[in-house]
Amino acid sequence: MNNQKIKIGISLRVMNAENYSEKRDGLSQDWSKFFEKFDSIPIFIPNNMENVKSYLENIGINGIILSGGDNIGKDPERDITEIKLIQFGIDNNIPILGVCRGMQMINHFFNGTIKINSSNEHVNNPHEIKILKNIFSKNLNSKKITVNSFHNNIIDDENLGNDLNIFARTFFDDSIEGFFHSKFRILGIMWHPEREQNENNELILKHVFQDNNFWRKII
């Protein structure tokens with residue numbers, strides 16, 4: 001019997017180790033628990049490899065997650081690694097999910113920008129978002145869902161990258177909470193599904209990484 005699980009590469013934060021003069025890569029343990037829920041294996045992608053492409057080819061990943069944490073530009077080695085991950089996903093038709101910073105990186109890759117929010121409305125403030133596309137509302141069984149929020153960078157219409165289509169917005173300021181690419185299997189969400197391991201967030205990851213019909217309907 002073939003019980004082989006899907007392998008998903010996930011990007012890591014760059015962290016300064018306390019009491020040591022060295023950098024380390026890190027990831028919230030929430031992600032490991034979440035991967036088990038949708039029957040997959042996490043493959044951690046280091047930030048200091050010169051040949052990311054060779055590493056990914058040898059592992060044989062089935063999906064890519066660009067994780068959250070820190071701003072673009074803070075750690076150039078992470079930025080470079082994630083750009084290579086996006087390009088590898090495009091070149092090999094591998095689905096990509098960007099989470100919070102990861103969504104911002106996708107937007108950056110497609111020549112979009114971010115906007116620093118003038119208030120703290122998005123910082124540690126769970127809120128409802130509206131789901132704009134029928135394929136998404138059907139998959140989530142709702143036209144609105146409640147999500148967490150841990151960011152002060154936002155994307156609005158004038159900052160949106162090329163060929164990115166909006167599927168979710170915040171009610172209170174209409175900023176973009178979710179988008180997908182019109183040609184590639186790439187999706188970004190501004191909230192952290194690993195921190196709220198509920199049915200909606202499990203459904204999103206299952207559709208992105210396990211449902212080819214989902215991608216056929218949106219691109």
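## Burial and overall form

A residue counts as buried if its relative accessible area is under 20%, as exposed if that area is over 50%, and as partly exposed in between, with a 1.4 Å probe and protein chains only. The structure is a predicted model, in which local features need pLDDT of at least 70 and side-chain atom pairs count only at pLDDT 80 or more, while totals for chains, interfaces and linings use all residues. Residues are numbered from 1 along each chain as its sequence is written, and side-chain values use heavy atoms, with hydrogens and water left out.

The secondary structure comprises seven helices and 13 strands, these being DSSP runs numbered from the N terminus (helices are H or I of at least four residues, strands E of at least two). The protein has a radius of gyration of 17 Å, close to the 17 Å given by the globule rule for 219 residues, so it is as compact as a globular protein of that length; the radius is taken over C-alpha atoms, and the rule is 2.2 Å times the number of residues to the power 0.38. The C-alpha trace spans about 50 × 40 × 30 Å along its principal axes. Among contacts (heavy atoms within 4.5 Å) with a separation of 6 or more, 68% join residues 24 or more positions apart.

## A hairpin

Strand β2 (residues 13–16) pairs with strand β3 (residues 23–26) in the antiparallel sense over four bridges, where pairing requires that DSSP finds at least two bridges between two strands. Within this arrangement V14 stands opposite D25 in β3. Six residues lie between the two strands of the hairpin, and N19 takes a positive phi near 75° there.

T81 belongs to helix α3 (residues 76–91) and is buried, with a relative accessible area of 1%. When residues up to four places away in sequence are not counted, T81 touches I45, P46, N47 and V52.

G98, found in strand β6 (residues 96–99), is likewise buried, with a relative accessible area of 0%. Its contacts, leaving aside neighbours within four places in sequence, are with L66, M103, I106, L187, G188 and I189. From S21, G98 is 77 residues away in sequence and 30 Å away in space, C-alpha to C-alpha.

## Pocket and cavity

Grid points are joined across faces, edges and corners, and a volume is the space filled by probe spheres set on the points. The largest pocket has a volume of about 160 Å³. Of its 13 lining residues, D70, N71, C100, F150 and H151 are the closest to its centre. The lining consists of two nonpolar, seven polar and four charged residues, where Ala, Val, Leu, Ile, Met, Phe, Trp, Tyr, Cys and Pro count as nonpolar, Asp, Glu, Lys and Arg as charged, and the others, Gly among them, as polar.

One cavity of 30 Å³ or more is counted, and the largest cavity holds about 90 Å³ of space. Its lining includes F136, N139, F167, L187 and H207, and divides into eight nonpolar, two polar and no charged residues. Helices α5 (134–140) and α6 (199–210) each supply at least two lining residues, with the largest share, four residues, coming from α6.

Technical notes. On a 1 Å grid over the protein atoms alone, a cavity is a set of points where a 1.4 Å probe fits but cannot get out, and a pocket is an open set with protein on both sides within 12 Å along at least five of seven lines; lining residues have an atom within 4 Å of a point.
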